[in-house]
Amino acid sequence: MKKALRAAATSIWVILLVALALRLGFLWQYRLIHPKQAVSVIPFLFESGNIAHSLATGHGFSSPFRVDTGPTAWMTPGYPLLLAGIFRLFGAYTFPAWAAAVLLNILCCTLVCVPIFYAGKRIGGLGLGASAAWLWAVFPNAILIPVESMWDASLSALLVATILWATIALAESERMRDWCAYGLLWGVALMVNATLAALFPLLLGWAVYRQHQQERSWVGRAAAAVAIVVLCCLPWTIRNYRVFHQFVPLRSVLGLQLWLGNNEQTQDIFRGDLHPIYNATEREHYIALGEIAYMHEKRQEAVQYMVSHPGREAHLIANRFISIWSGGTPNPATDFLGTPSLWFRSILAFNLLAAVGALCGIIILFRNQNAFAFPVAVLPVVYPWAYYLTLALPRYRLPIDPIVLLLTAVALRQTIYGRKQVMAQSTTSKGRRRV
């Protein structure tokens with residue numbers, strides 16, 4: 001019986017089934033309390049859905065604000081193209097389109113269990129891989145956000161988890177095919193989530209360093225990976241230059257995000273009052289200037305405010321840091337004690353424990369001199385900085401949450417079993433070695 005239970009607990013198929021069941025169960029409950037008319041329209045009335053509608057109706061990649069504002073580079077095209085395909089198949093703003101989009105998100109979030117399982121297995125053995133996958137399977141954010149948010153967060157989480165798994169495997173590979181596939185994976189990821197661009201040189205650099213340590217030739221393979229990433233991004237960059245007559249490599253929205261998080265009216269909790277999608281004055285200003293000039297103006301205003309108000313800026317950054325790691329609130333203790341909702345408290349507690357667990361996991365991996373400490377740690381350390389400086393919303397952290405939970409699993413297993421459980425034996429072409 002013990003062996004059977006252990007086999008079930010470490011089976012990726014069992015974990016996948018439980019993860020899928022939990023997400024479908026929440027979808028069923030969500031649908032029961034929200035009318036069809038509401039879910040058919042409201043979730044799509046944001047930039048990604050508006051751009052998708054423009055694509056589906058033959059108006060091109062444009063109009064992120066529900067009115068005709070012309071071409072945009074608001075976000076990279078991956079996720080809006082997927083939504084546009086769903087609109088073409090099931091109709092724009094229909095219940096079947098919403099169901100299809102949610103099921104796509106759920107599928108992505110469920111499949112995250114696979115790369116995080118095998119990455120954890122490589123880092124610290126089968127127990128670590130299974131623990132990380134189980135944590136992801138029951139993680140509240142990964143159950144709620146796929147149903148409630150029509151953004152790229154779920155797909156990004158799958159891509160980030162796959163990138164970590166691929167990076168770990170790539171460090172031992174001498175096959176050009178693997179390095180080209182790695183470049184293609186990164187190219188797709190950047191076309192879905194441009195914020196990941198800061199991580200590419202760090203993770204590729206680590207893989208190159210590992211190759212150098214093993215005295216392997218790496219220049220040609222690394223160059224091929226970089227070239228494929230560039231080729232994946234090049235059509236979008238050319239399109240942006242032809243449309244805006246300026247170099248916009250991935251997206252244009254940074255200036256606005258920086259300004260929304262750093263101006264005289266910025267509040268501790270983002271309300272959205274100044275966003276052009278809600279604010280008619282800002283929307284008219286955006287239309288009058290054009291997207292690129294508007295973003296440039298907002299960036300200048302934000303930088304000027306940040307430089308001239310260092311105290312306030314430090315406060316805002318600290319609040320966003322807390323919000324990212326608490327699950328969306330800069331006052332987690334007050335909110336935890338002040339709400340009667342057990343569900344909200346459990347979500348808040350899970351997020352805070354995961355944040356603490358991730359920090360402990362990073363310390364443990366480096367202290368144990370685990371060979372894979374750097375690529376695992378760099379994701380939660382570097383990725384959120386874009387949001388510490390701009391805006392902090394719960395869905396922004398979801399892409400790195402699989403790695404956060406992997407690190408939490410490291411900390412839990414270290415606490416329960418001791419150091420041996422986070423050390424793995426791997427076999428390479430040169431023989432066995434401790435990693």
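This is a predicted model: local features need pLDDT of at least 70, side-chain atom pairs count only at pLDDT 80 or more; totals for chains, interfaces and linings use all residues.
Biologist: Why is Asn105 called buried?

Modeller: Its relative accessible area is 1%, and buried means under 20%, so Asn105 qualifies. The residue sits in helix 6, which covers residues 95-111. Not counting residues up to four places away in sequence, Asn105 touches Tyr79, Pro146, Ser149, Met150, Trp151 and Ser154.

Biologist: Why is Cys232 called partly exposed?

Modeller: The value for Cys232 is 24%. Buried requires a value under 20% and exposed one over 50%, so Cys232 falls in between. Cys232 belongs to helix 13, and beyond its neighbours within four places in sequence it is in contact with Leu184, Gly187 and Met191.

Biologist: How far apart are Cys232 and Ala133 in space?

Modeller: Their C-alpha atoms are 30 Å apart, with a separation of 99 residues in sequence.

Biologist: What makes the span of helix 7 close to the expected one?

Modeller: Helix 7, residues 113-124, has twelve residues and reaches 16 Å from its first C-alpha to its last. After the helix comes Gly125, with a positive phi near 100°.

Biologist: What makes the largest nonpolar core a core, and which residues have the most contacts inside it?

Modeller: Membership requires buried residues of the listed nonpolar types, joined through side-chain atoms within 4.5 Å. The largest such set has 109 residues, and Cys113, Trp136 and Trp186 have the most contacts inside it. Helix 10, residues 153-170, supplies the largest share, eleven residues. A second core, of 23 residues, is separate and includes Tyr30, Ala56, Phe87 and Leu144.

Biologist: Which residues does Trp186 contact beyond its neighbours within four places in sequence?

Modeller: Trp186 is in contact with Ile163, Leu196, Leu199, Phe200, Leu203 and Val229.

Biologist: How do you know which residues line the second largest pocket?

Modeller: A lining residue has an atom within 4 Å of a pocket point. For this pocket, of about 770 Å³, there are 31 lining residues, with Ala194, Pro249, Leu250, Arg251 and Leu254 nearest its centre. The elements giving two or more residues are helix 13, helix 14, helix 16 and helix 21, and helix 13 gives the most, with five. The lining divides into 21 nonpolar, eight polar and two charged residues.

Technical notes
Residues are numbered from 1 along each chain as its sequence is written. Side-chain values use heavy atoms; hydrogens and water are left out. On a 1 Å grid over the protein atoms alone, a cavity is a set of points where a 1.4 Å probe fits but cannot get out, and a pocket is an open set with protein on both sides within 12 Å along at least five of seven lines; lining residues have an atom within 4 Å of a point. Grid points are joined across faces, edges and corners, and a volume is the space filled by probe spheres set on the points. Helices (H or I, at least four residues) and strands (E, at least two) are DSSP runs, numbered from the N terminus. Ala, Val, Leu, Ile, Met, Phe, Trp, Tyr, Cys and Pro count as nonpolar, Asp, Glu, Lys and Arg as charged, and the others, Gly among them, as polar. Buried means under 20% relative accessible area, exposed over 50%, partly exposed in between (1.4 Å probe, protein chains only). Contact means heavy atoms within 4.5 Å. The expected span of a helix is 1.5 Å times one less than its number of residues.
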